[in-house]
Each structure stands twice: as structure tokens, then as C-alpha cells.
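My notes follow in the order I made them.

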Amino acid sequence: MVPQVPPRAGQLAAAAAGQLVLLGALSAGAGLGPVGWVAGAGYAAALLTLLTAAARRASVTALGPANLVTLTRAVLVGGVTALVAGGLHSGDAALAPLVVITTVALVLDAVDGRVARRSGTASALGARFDMEVDAFLLLVLSVWVAQLLGPWVLAIGAMRYAFVVAGWFTPWMRAELPPRYSAKVVAALQGVVLTVAAGQVLPVPASVAVVSSALALLTWSFGRDVAWLWRNAPAARPRGAT
């Protein structure tokens, strides 16, 4: 008996093909070089490997419509990754494709959640997938903007990963947080601000002011989450802590 191949295998194969097509288009139209190709292909390989493993753990045989939107967004993030890597290597990124692709990815970020709710396909896997794509896009954008404005911008991209690492050593930080609309707004604002700064459409002093304000809001948002976790997970705190 021939083992049945889950539909998600075909979906992920299509995503891999889409990533190669996007990299090819950037190579032809934006001068993407070998470094960008390696970065984009490596990103795609890691993305598909991790997503396959996560889908298996969640017993998901096919990605729903919302996850397919997120997967499309993830492919676009691969293009952004390739452009940033190539730009850092050559010292000159193709800003127009970078801004356009990032903008489309940010717009789709507002679509996948609505699709999940309207189709009744919201899931823990989908929420985590969406979050990880968002986080990596912010990390890549912050790397590019940091070489324009200064290394302090890296704090925007690194903050979510620092939060995760802190949770490895402090169990009370691994508790589930309540959903907050303000946190979603602050997170979305980071992508918009970094895209504007990456496109260099503002004078440097204005970009510094806007990006530093966004970082301050992000710090406040994460700080509020940490404070909530500390107050509401007393059983997991060290003995004697107050």
C-alpha cells in the first residue's frame, strides 16, 4: 500500500517554488546577488523544515486558508531577507523592491487573522506561525535600519527573542498572556516605522525620532507583559520574591 502524502506537503512545495520564483525575479529586476540568494534559500529551507515539524506535532495534514495567507507572507519575508543580506554585503540594497515587498507583507498581516476568524480555522499553530513570521520580519528590518541609524535599532528586532530566552530560565514568564489589542497595534507599528526608515523617505533626524518612539512603545508593551506575568504567576516565582 502506497503511503498517503498529506496535502500540506504539496502546499509547502508550492511555497518553496514561490520562494525560488521571487528570488529569481529579484535577481533579474533588482540585481540580487549570490549572498542574497544564499540568505533567501537558507531562510526558506529553515522555514519549511520548522513548519513541517510544527504541523506534524499539531497533527495538521493541510494548512487552512489563513495559514496559507501567512505562508505567502512568509515567502515575502524571504525576499526581504535576501534583499537585506545582499544589501549588507554590497553596501547598497534595492530600496524600492524592499519597501514594496515589506508593505505587501504588512498588509497581509491584517488579512490572515480575519480569514481565520471568518473561516473558523483559527488555531494555536496558526497564531504561533503568524507571530514568528512577524517577529522575523522585524528582526530583518531592524538589521537593515541599524546600519542606517545605529545599532540601538536592533533592540526592536531582538526584544521578542530576548523575551523567549528569558522564559527558558524563568518559568513564570512562560505563562499565557491575555490578548491585548494595544499589543497588536504596537507590534504592527514597528513594521510600519521600520519600513519607512528602511526606505529612507525621511531625513535621518526624523527617522531617529520616529524609530526611537516606536522602540519606547515596544519597551512599554513588553514591560507591561512582564509585570502582568510577575503579578499573576506567584507559584512559579523564586521563594521569598516579592
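I started with Glu 132, which counts as partly exposed at 23% relative accessibility. My cut-offs: buried is under 20% relative accessible area, exposed is over 50%, and partly exposed is in between (1.4 Å probe, protein chains only). The model is predicted, so I kept local features at pLDDT of at least 70 and side-chain atom pairs at pLDDT 80 or more, while totals for chains, interfaces and linings use all residues. Residues are numbered from 1 along each chain as its sequence is written, and side-chain values use heavy atoms, without hydrogens and water.

**Salt bridges**

I counted a salt bridge when a side-chain nitrogen of Lys or Arg lies within 4 Å of a carboxyl oxygen of Asp or Glu. The whole structure gave 7.

Glu 132 forms one with Arg 128, at 2.6 Å from N to O. Both sit in helix H5 (residues 124–149), 4 residues apart, about one turn of the helix. I took helices as DSSP runs (H or I, at least four residues), numbered from the N terminus. Arg 128 is partly exposed at 48%.

Next I checked Asp 225 and Arg 180, whose side chains meet at 2.8 Å, N to O. Asp 225 is in helix H8 and Arg 180 in the loop between H6 and helix H7 (181–198), so this pair ties together parts 45 residues apart in sequence. Asp 225 is buried at 11%. Arg 180 is buried too, at 19%.

I also found a network: salt bridges with shared partners join Arg 73, Asp 109, Asp 112, Asp 130 and Asp 134. Asp 109 lies in helix H4 (residues 95–119) and Arg 73 in helix H3, so the pair links parts 36 residues apart in sequence. Arg 73 is buried at 1%. Asp 109 is partly exposed at 22%.

**Aromatic pairs**

I paired rings of Phe, Tyr and Trp (its six-membered ring) with centres within 6.5 Å; planes under 30 degrees apart are stacked, over 60 edge-to-face, the rest tilted. The count is 3. Phe 163 and Phe 222 have centres 5.6 Å apart and planes at 55 degrees, so I logged the pair as tilted. Phe 163 is in helix H6 (residues 154–169) and Phe 222 in helix H8 (residues 204–232), 59 residues apart. Phe 163 is buried at 18%, and Phe 222 is buried at 17%.

Definitions and conventions:
Helix = DSSP H or I, 4+ residues; strand = E, 2+ residues; numbered from the N terminus.
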